[in-house]
Amino acid sequence: MRNKALAFGAIGVVGMLALAGCGRADDAGPTTGGEAATVDDSPATGEIEIWAMGEEGENLGDFADAFIEENPDASVTVTSIPWTDVMTKYQTAVAAGTVPDAIMIGSSLLPSMVAAGGLAQVPDDLVDDDSFNETALESTEVEGTAYAVPWYVETRVMYYRTDLAEQAGVEAPKTWDDLTAFAKAMKENGSDYGVQLPMGDAEDSTQVILPFYAQAGGDVLNDDGTAYAWDEAALTDALEYYASFFTEGLAPMSGYGDEQTAAFASGSNPAFISGPWMVGVLGDQESPEWVDQNVGTAPVPAGADNNDSYLGGGHLGVFEDADNADGAWKLIKWLSEPETQQQWFETVNALPAVTSALDSEPFTSDPRLSVLNEQLENTVAPPSVPSWNEMSAFIETEAEKVANGSSAADAASAIVAKAESLGTGW
């Protein structure tokens, strides 16, 4: 999903996912039985109906014209639905037997969809597993069975005003201490704040808190993925670090807010952590030339253990009761081809989930895109369990308390207790 949406939120710290096994369709999922379908190499035929959200839903229909040229006996009908309605529409359609053929899946929603039933297993050999970003691929699996194919990924990097950093005498930060010093230097140079960070559930603050926790050396689930395994000390460190930017006046309590890009452009808040779409957003707001002259990107600063960043994105799945499952899988296979993934990036600025697609233009020459490519080597995603959305909302509430001066240790203890009472949801 894009921006503050439900993401992996795509996922490389394998331990964060801790999913048992790595097969595509060897074992039945928690609620889905049966065998994986077989898909041959013949052209797709018939109408293929797919639900998609956000920019993807708005653009996929026209984009699929190239698929129709290769498969003239097929048609693609895209229904664009709001992200906020996805689970309700999904559950209603499954219960009523009125499902489309395929659906775009925000990665954090996959476990809930699998738990609710209705998704088919990914056919054996439909795609080359080794071609995908490893963490994104793992985010499509539940207990060793794949229920979706990665479509695109979104990792976060640091955006900063290079002109103001030069005035302040600082370079892109590489460590936690560097980031604190960077933010202080920017504020001393005349900015109102030093960095923007998301605040609360409206902005999904776990998209930075979860990486901070991974950077401190923590895993979310145990080795077999059956239970939460929060490291209370690492969680305390992550919450303290996150909150320090607010308690020291280096980040606004309003979070990103509606004025995120305006504050960045004016210099009142000259740094933030976000995804690849922000290059285009800033270019549209100011100008591409202004971006070239004043905006730099860098991998997120490293904690004691690593510099993992959040990995978000979207998957594609097919319903068990699809009328045209064969056509839907063939469409998904086409969308997974490297050339198609490159063209999709040009359409919506969604980073390819297929790693070889990143080995050509514009990813190799544009420094901002090459930084994203570099960051993709070190990413972390939410655990693929149904209770994660409730768990993350609790974390966001506790983190906001710490940002307002409460004890990080108490918040970490409360999160651990919540995880024990909540369970994974399976």
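**A helix and its surroundings**

Helix H17, which covers residues 388–403, has 16 residues and reaches 22 Å from its first C-alpha to its last, close to the 22 Å expected at 1.5 Å a residue, where the expected span is 1.5 Å times one less than the number of residues. Helices (H or I, at least four residues) and strands (E, at least two) are DSSP runs, numbered from the N terminus. The model is a predicted one, in which local features need pLDDT of at least 70 and side-chain atom pairs count only at pLDDT 80 or more, while totals for chains, interfaces and linings use all residues. Residues are numbered from 1 along each chain as its sequence is written, and side-chain values use heavy atoms, with hydrogens and water left out.

The buried residues of H17 are Trp-388, Met-391, Ser-392, Ile-395, Glu-396, Glu-398, Ala-399, Val-402 and Ala-403; buried means under 20% relative accessible area, exposed over 50%, and partly exposed in between, with a 1.4 Å probe and protein chains only. What covers these buried residues includes helix H9 (206–215), helix H10 (232–247) and helix H18 (408–422). After H17 comes Gly-405, whose phi is positive, near 110°.

Two packed helices are described by the angle between their axes and the distance between the axes. The axes are lines fitted to C-alpha atoms, for helices over the stretch in contact, and the angles run from 0 to 180 degrees between N-to-C directions. H10 and H17 pack at an angle of about 50°, with their axes 8 Å apart, and that makes H10 oblique to H17; angles under 35 degrees count as roughly parallel, over 145 as roughly antiparallel, 65 to 115 as roughly perpendicular and the rest as oblique. In this pair, Leu-239, Tyr-242, Ala-243, Phe-246 and Thr-247 of H10 meet Ala-399, Val-402 and Ala-403 of H17, contact being heavy atoms within 4.5 Å. The residues of this contact of H10 with H17 divide into seven nonpolar, one polar and no charged, where Ala, Val, Leu, Ile, Met, Phe, Trp, Tyr, Cys and Pro count as nonpolar, Asp, Glu, Lys and Arg as charged, and the others, Gly among them, as polar.

Another pair is formed by helix H2 (residues 54–63) and H15, which pack at an angle of about 125°, with their axes 11 Å apart, and are therefore oblique to each other. Their contact is made by Glu-55, Glu-56, Asn-59, Leu-60 and Phe-63 of H2 and by Thr-340, Gln-343, Trp-344, Thr-347 and Val-348 of H15. By class, the contact of H2 with H15 has four nonpolar, four polar and two charged residues.

Asn-349 has a positive phi of about 60° although it is not a glycine, and at 28% relative accessibility it counts as partly exposed.
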